[in-house]
Amino acid sequence: MKHYSAFFQPDQPANERPSVLRLRSRLNRIFQLDAEDIYYIRADRLNCYIVCENKILYVRHPMIQLQELVPKHFTRFHRSIILNPHHVLSIHEDCIEFEDHTKLILTMSKCRWLEAYMEEMQKRRIAFDTEPDESACREE
């Protein structure tokens, strides 16, 4: 199994973060990983595992650097986990199930918190999508 080190770009504001992460292997080969392919990132001391649908990458950078690099919708709900909520299929009492039916085991309290958080995000998205169009409200 190959181990990879992340190659970070200069700090960018959250709304300008790229959706493609550039990673550098130990052999100094640079490759790209689409941020939307990431299911979650799990910290392992000063290093992290990036878990995608078909691969797990070992990255030699702390969680705080990855948190600054991933898109804004990624959620850090534990000190050792950053989650991409777009890939969550279901939330059970003690685990999260992803689209490919892999599971991430968590405590019941973290699962409850994540479920409430995702419900709140869904309500906000629905409220945002149903706001009236200002152009339709203009009087002529």
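Predicted model: local features only at pLDDT ≥ 70, side-chain atom pairs only at ≥ 80, totals over all residues.

**Entry 1**

I began with the inside. The largest nonpolar core has 16 residues, and I looked up which of them touch the most other members: Leu21, Leu33, Ile38, Ile41, Ile50, Val70 and Ile82. I then checked which elements supply this core with at least two residues each, and found β4 (38-44), β5 (47-52), β6 (56-59) and α1 (63-69). There is also a second, separate core, with 14 residues, including Tyr39, Phe77, Ile96 and Leu104.

What is isoleucine 82 in contact with, leaving aside its neighbours within four places in sequence? My list reads Tyr40, Ile41, Met63, Leu66, Gln67, Val70, Phe74, Thr75 and Arg76.

**Entry 2: the whole chain**

Next I stepped back for an overview. The chain has 140 residues, and buried residues make up 33% of them. I found 3 helices and 11 strands in its secondary structure. Reading from the N terminus, I wrote the order of elements as β-β-β-β-β-β-α-β-β-β-β-β-α-α. I also looked at contacts between residues at least 6 apart in sequence, and 36% of these join residues at least 24 apart.

**Entry 3: aromatic pairs**

I searched the whole structure for aromatic pairs and got 5. One of them joins phenylalanine 77 and tryptophan 113; this pair is stacked, with 6.1 Å centre to centre and 15° between the planes. The two partners sit in distant parts of the chain, 36 residues apart, with phenylalanine 77 in strand β7 (residues 75-78) and tryptophan 113 in helix α2.

Tryptophan 113 has a relative accessibility of 41%, so I put it down as partly exposed.

Tryptophan 113 also forms a stacked aromatic pair with tyrosine 117, at 5.2 Å centre to centre and 10° between the planes. How many residues apart are tryptophan 113 and tyrosine 117 in helix α2? They are 4 residues apart, so about one helical turn separates them. Tyrosine 117 is partly exposed too, because its relative accessibility is 26%.

**Entry 4: the largest pocket**

Tyrosine 117 turned up again when I looked at the largest pocket. Its lining is made of Lys72, His73, Thr75, Pro85, His86, Tyr117, Met118, Met121, Gln122 and Arg125. The space in this pocket is about 260 Å³. Which element gives the largest share of the lining? Helix α2 (residues 108-129) does, with 5 residues. Sorted by class, I have 4 nonpolar, 4 polar and 2 charged residues in the lining.

**Entry 5: two positive phi values**

I turned to the backbone with a rule in mind. Most residues other than glycine have a negative phi. Arginine 45 is not a glycine, yet its phi is positive, about 60°. I located arginine 45 in the loop between β4 and β5. Arginine 45 counts as exposed because its relative accessibility is 82%.

Histidine 101 is another non-glycine residue with a positive phi, in this case near 70°. I found histidine 101 in the loop between β10 (95-98) and β11 (103-105). With a relative accessible area of 54%, histidine 101 is exposed, and here I checked that the cut-off for exposed is over 50%.

**Entry 6: asparagine 84**

My last stop was asparagine 84, in the loop between β8 (81-83) and β9 (88-91). Is asparagine 84 buried or exposed? Its relative accessible area is 0%, so asparagine 84 is buried.

What does asparagine 84 touch, not counting residues up to four places away in sequence? I wrote down Ala35, Glu36, Ile38, Tyr39, His73 and Phe74. I also looked up how far asparagine 84 is from valine 70: their C-alpha atoms are separated by 9.4 Å, and the two lie 14 residues apart along the chain.

Key:
Residues numbered from 1 in each chain as written. Heavy atoms only, no water. 1 Å grid on protein atoms, 1.4 Å probe; cavity = no way out; pocket = protein on both sides within 12 Å on 5 of 7 lines; lining within 4 Å. Points joined across faces, edges and corners; volume = space filled by probe spheres on them. Nonpolar A, V, L, I, M, F, W, Y, C, P; charged D, E, K, R; others polar. Core = buried A, V, L, I, M, F, W, Y, C linked by side-chain atoms within 4.5 Å. Buried < 20%, exposed > 50% of the residue type's maximum accessible area, 1.4 Å probe, protein only. Contact = heavy atoms within 4.5 Å. Phe/Tyr/Trp six-rings, centres within 6.5 Å; stacked < 30°, edge-to-face > 60°.
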